Amino acid sequence: MREDAGTYLATMRATVPLVHNITNYVAMNIAANVLLAAGASPAMVHAREEVVEFAGLAQALSVNIGTLDGPWAEAMEMAAQVMVAAGRPWVLDPVSVGATQFRRDVCARLMALRPTVIRMRRLRPIEFRLVGRSDVMKRRAVGSSSGITRRGPYAPSAYWA
């Protein structure tokens, strides 16, 4: 993967993909700036009234459950369903998934939609056991030292059951 990073970056810069983000207030500006610097076109769209239509326009989706509430949770699921149906990649960052039952429930529903990438931090293996998804932790992660667990068309199939 390391040798392909430059190729992936060049491709992204050449295609300028629209990346739909449903992310927490703290990370919104940072995520937008990182995506812009990498060559993507970020959009922070979380309203249920437009999320399905917007997800249909996007080439990728990033979901971060940091500032979670009911309407945002619904929007996250709606957008992820669009990505799955279209065969497009989507990322789940399950911030503090183990902190409350609400977060565990929302994350379990999002995990059922099989995110392409799951962003992991050191304590997340314990938290994933709380949502009944300890199987995620049994999978060997590509780039796990950097905190990223990956599955999908660009990850070797041996890494995901």
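Which residues does Asn-64 touch, not counting residues up to four places away in sequence? In this predicted model, Asn-64 touches Ile-22, Thr-23, Asn-24, Ala-27, Met-76, Asp-93 and Val-95, where contact means heavy atoms within 4.5 Å.

The model is a predicted one, in which local features need pLDDT of at least 70 and side-chain atom pairs count only at pLDDT 80 or more, while totals for chains, interfaces and linings use all residues. Residues are numbered from 1 along each chain as its sequence is written, and side-chain values use heavy atoms, with hydrogens and water left out.

**Overall layout**

The chain contains seven helices and six strands, which follow one another from the N terminus as α-β-α-β-α-β-α-β-α-β-α-α-β; helices (H or I, at least four residues) and strands (E, at least two) are DSSP runs, numbered from the N terminus. Of its 161 residues, 44% count as buried, a class that means under 20% relative accessible area, with exposed over 50% and partly exposed in between (1.4 Å probe, protein chains only). Among contacts with a separation of 6 or more, 66% are made by residues 24 or more positions apart.

**Strand 3 and its partners**

Strand 3 is largely enclosed by the rest of the structure, because four of its five residues are buried. Four bridges join strand 3 to strand 1, and the two run parallel; four bridges likewise join strand 3 to strand 4, again in parallel. Strands count as paired if DSSP finds at least two bridges between them. Val-19 has Ala-60 of strand 3 as its bridge partner, and Ser-62 has Val-91 of strand 4. Together with helix 4, strands 3 and 4 make a right-handed β-α-β unit, meaning that, with the strands pointing away from the viewer, the path from the first strand over the helix to the second runs clockwise.

Asn-64 itself belongs to strand 3 and is buried, with a relative accessible area of 7%. Its side chain makes a polar contact of 3.3 Å with the side chain of Asp-93, a polar contact being a pair of N or O atoms within 3.5 Å, of which, within protein, one must be able to donate a hydrogen and the other to accept it, and residues adjacent in sequence count only if both atoms are side-chain atoms.

Beyond its neighbours within four places in sequence, Ile-65 is in contact with residues including Met-76, Leu-92, Val-97 and Leu-110.

The structure holds one aromatic pair, formed by Tyr-25 and Trp-72, which is tilted, with 5.3 Å centre to centre and 55° between the planes. Rings of Phe, Tyr and Trp (its six-membered ring) pair if their centres lie within 6.5 Å, and planes under 30 degrees apart count as stacked, over 60 as edge-to-face and the rest as tilted. The pair links Tyr-25 in helix 2 to Trp-72 in helix 4, 47 residues apart. Arg-109 lies in helix 5, and a polar contact of 2.8 Å joins its side chain to that of Glu-77.

| Residue | Relative accessible area | Class |
|---|---|---|
| Tyr-25 | 55% | exposed |
| Trp-72 | 5% | buried |
| Arg-109 | 38% | partly exposed |
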